[in-house]
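Student: Hi! Could we go through this structure together, starting with the strands?
Tutor: Happy to, let's have a look.

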Amino acid sequence: MKTALLISAAGLALFAFSPEAFAAKYKCGCHVNAKAGIEASSDPKMSCNETYSDFDDHVSIQESHLKIFVSDDNVVQGDKDMNIRFRPRDGKCLERVADGNEKKVIWEGAYCNNDSYKDLGQFKMKEKDGKWTATFEAKTGGKDYTGFAMFAVNQQDGKKYMQAVCLEDK
């Protein structure tokens, strides 16, 4: 079993979001050992609606018009980018997904299949003060969302282990 990693609540406020994103609330899928620190943060406010205990688990979070999924092979990262799967919900269409760190559109169109995911890659992870994040913006035919994945580096193997993936709670 891989060693659990913890991130400090103070380090959570270092995301590459616009100032208004910090006023938002986020639903998160959190590693059990990071849950307390994540929920202690108020900038942004995050709640761990789902938890996972192993770094070979997949994680998903859903909201009224969007569901995101991080596959088990993306929970541990050896490089600086990741894939996230997006699925529209409630009869809506996924219209656009952008990398929040790079401020770059990754995909745009009309994906209206509410039964399967659109697998999108190349979300760039950025490091600040030893914390790594990948951020995204997703537009649906109903609501627009922001989200992020947070990683901590394991000093033994140098890989990044996901502590949480969060989706704006709307």
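Student: In which sense do strand β6 and strand β9 pair, and over how many bridges?
Tutor: This is a predicted model, and in it β6 (residues 81-88) and β9 (residues 118-128) pair in the antiparallel sense over 5 bridges.

Student: Which residue in β9 stands opposite Arg 85?
Tutor: That would be Asp 119.

Student: And how does β9 pair with strand β10?
Tutor: Antiparallel again, with 4 bridges between β9 and β10 (residues 131-140). Met 125, for instance, has Ala 134 in β10 as its bridge partner.

Student: How many residues sit between β9 and β10 in the hairpin?
Tutor: There are 2 residues between them, and Asp 129 in that turn has a positive phi of about 55°.

Student: What about Gln 122, where does that residue lie, and what is its phi?
Tutor: Gln 122 belongs to strand β9. Its phi is near 75°, a positive value in a residue that is not glycine.

Student: How exposed is Gln 122?
Tutor: Gln 122 has a relative accessible area of 46%, so it counts as partly exposed, the class between 20% and 50%.

Student: Switching to Asp 90, where is it, and is it buried or exposed?
Tutor: You'll find Asp 90 in the loop between β6 and β7 (94-99). Its relative accessible area is 57%, and because that is over 50%, Asp 90 is exposed. Asp 90 also has a positive phi of about 55°, though it is not a glycine.

Student: Now the inside. Which residues have the most contacts within the largest nonpolar core?
Tutor: Ile 68, Phe 86, Phe 123 and Met 162 do, in a core of 29 residues.

Student: What does Phe 123 touch, leaving out residues up to four places away in sequence?
Tutor: Its contacts include Met 82, Ile 84 and Phe 86, as well as Val 97, Ile 106, Ala 134 and Phe 136.

Student: Tell me about Cys 48: which strand is it in, and is it buried or exposed?
Tutor: Cys 48 lies in strand β2 (residues 45-52). It is buried, because its relative accessible area of 10% is under 20%.

Student: Which residues does Cys 48 touch, beyond those up to four places away in sequence?
Tutor: Cys 48 touches Cys 28, Cys 30, Lys 35, Ile 38 and Glu 39.

Student: And how far apart are Cys 48 and Val 165?
Tutor: They are 117 residues apart in sequence and 9.3 Å apart in space, C-alpha to C-alpha.

Technical notes
Residues are numbered from 1 along each chain as its sequence is written. This is a predicted model: local features need pLDDT of at least 70, side-chain atom pairs count only at pLDDT 80 or more; totals for chains, interfaces and linings use all residues. Side-chain values use heavy atoms; hydrogens and water are left out. Two strands pair if DSSP finds at least two bridges between them. Buried means under 20% relative accessible area, exposed over 50%, partly exposed in between (1.4 Å probe, protein chains only). Contact means heavy atoms within 4.5 Å. A nonpolar core is a set of buried Ala, Val, Leu, Ile, Met, Phe, Trp, Tyr and Cys residues joined through side-chain atoms within 4.5 Å.
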